Amino acid sequence: MKVSDNKLDQALARQKPGVEPRPADEFWADFKARARLRTQDAPARPRQALAWVTPLACAAALVLAVGVYMLSPPRDINGDVIKSVEVVASHSAVFIMEDKESKSAIVWIVDMETDPGNGGDT
Amino acid sequence: MADNSAELLERARTGDVDAFAELFEGLRSTLFSVACRLVGPVDADDVVMETYLKAWQAIPRFGARSSLRTWLYRIAHNCALDYVRSRKRRKEHTLLSDEEKSRMEQLPDERADRPDEVAERAELVLEVRNALTKLSHNHAVVLQLRYTDGLSYAEIAAATGVSPGTVMSRLFNAKRKLSTILERK
């Protein structure tokens, strides 16, 4: 049996339960008797009363973040890495050494040509 | 729902039981029908009563984040679950029993003048009723809540405790299965 959507919807709309609810008077009289035995919940606190909480929390978070930043130790030199060194003068080798204790980097250029009379070789 | 529902709601919040009754009487018939789908017609009145009592207790905290109807159907869903769990007797299908089916009303269609059309429609109602019993409980319930009781997707979601997306998916699949069952006849 092929049934159109429209007819199917109409047939579904007619699937009412065969039982009816109690008459209103009877139902609500029963309800009122039972409701007397139950306590209503306290009303929810209005949102306006808590309106200051969000800005205050934001301000506190901001102050905390600034405080942590200000009090934190300076950034470790190990965070910066010398990736390359360009030496214009002629030389034989370059060594880069990082000293964690002194938080410094040493760049050693071997056999770099310097101006005559300057004397040094590094 | 009454036109002066905002005023009735405020009065109900402050303990006016008459205002509560006036506010919710308009929903009682549909709520009863929904309860019939969820727990069966025999226990539906109990579920409706418990739903209203819980709503009475909680209405001071009603935050209007959903409509009163949706809120009420959500409570009804929870009450139905509690009811089912407490009785531990949900083995049987909660659709209508044979006796109840026999009492199903078959309203005359005012638009139909021809007796053969009336007969055809009545036959289709019976066929659909039988086909509904062959669907899963979830599919049958969602179809009846939507097409028989006229609930919105959000209300069905509240009444059945699933997301609106699941409701839409169930409706689509349920209707397709129903059509397949009817076509086999």
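Hi everyone: in chain B, helix 7 and helix 8 cross in a right-handed way, meaning that the near helix is turned clockwise from the far one by less than a right angle. The contact involves B:V141, B:V142, B:L145 and B:R146 from helix 7 of chain B, and B:I156, B:A159 and B:T160 from helix 8 of chain B; contact here is C-beta atoms, placed from the backbone, within 7 Å.

A word on the ground rules. This is a predicted model, where local features need pLDDT of at least 70 and side-chain atom pairs 80 or more, while totals for chains, interfaces and linings use all residues. Residues are numbered from 1 along each chain as its sequence is written, with chains lettered from A and ligands numbered from 1 in the order written.

Back to the helices, which are DSSP runs of H or I, at least four residues, just as strands are E runs of at least two, numbered from the N terminus. Helix 7 (residues 137-148) and helix 8 (residues 153-160) of chain B pack at about 140°, with axes 10 Å apart.

Now chain A, which has three helices and two strands, in the order α-α-α-β-β. Seven bridges join strand 1 (residues 93-99) of chain A to strand 2 of chain A, and the two run antiparallel. A:V94 stands opposite A:I109 in strand 2 of chain A.

So is strand 2 of chain A buried or in the open? Of its seven residues (104-110), the number buried is zero, so strand 2 of chain A lies largely in the open; buried takes 20 or more other C-beta atoms, placed from the backbone, within 10 Å of a residue's own.

Terms used. Axes fitted to C-alpha atoms, helices over the stretch in contact; angles between N-to-C directions. Contact = placed C-beta atoms within 7 Å. Buried ≥ 20, exposed ≤ 12 C-beta atoms within 10 Å, placed from the backbone. Pairing = 2+ DSSP bridges.
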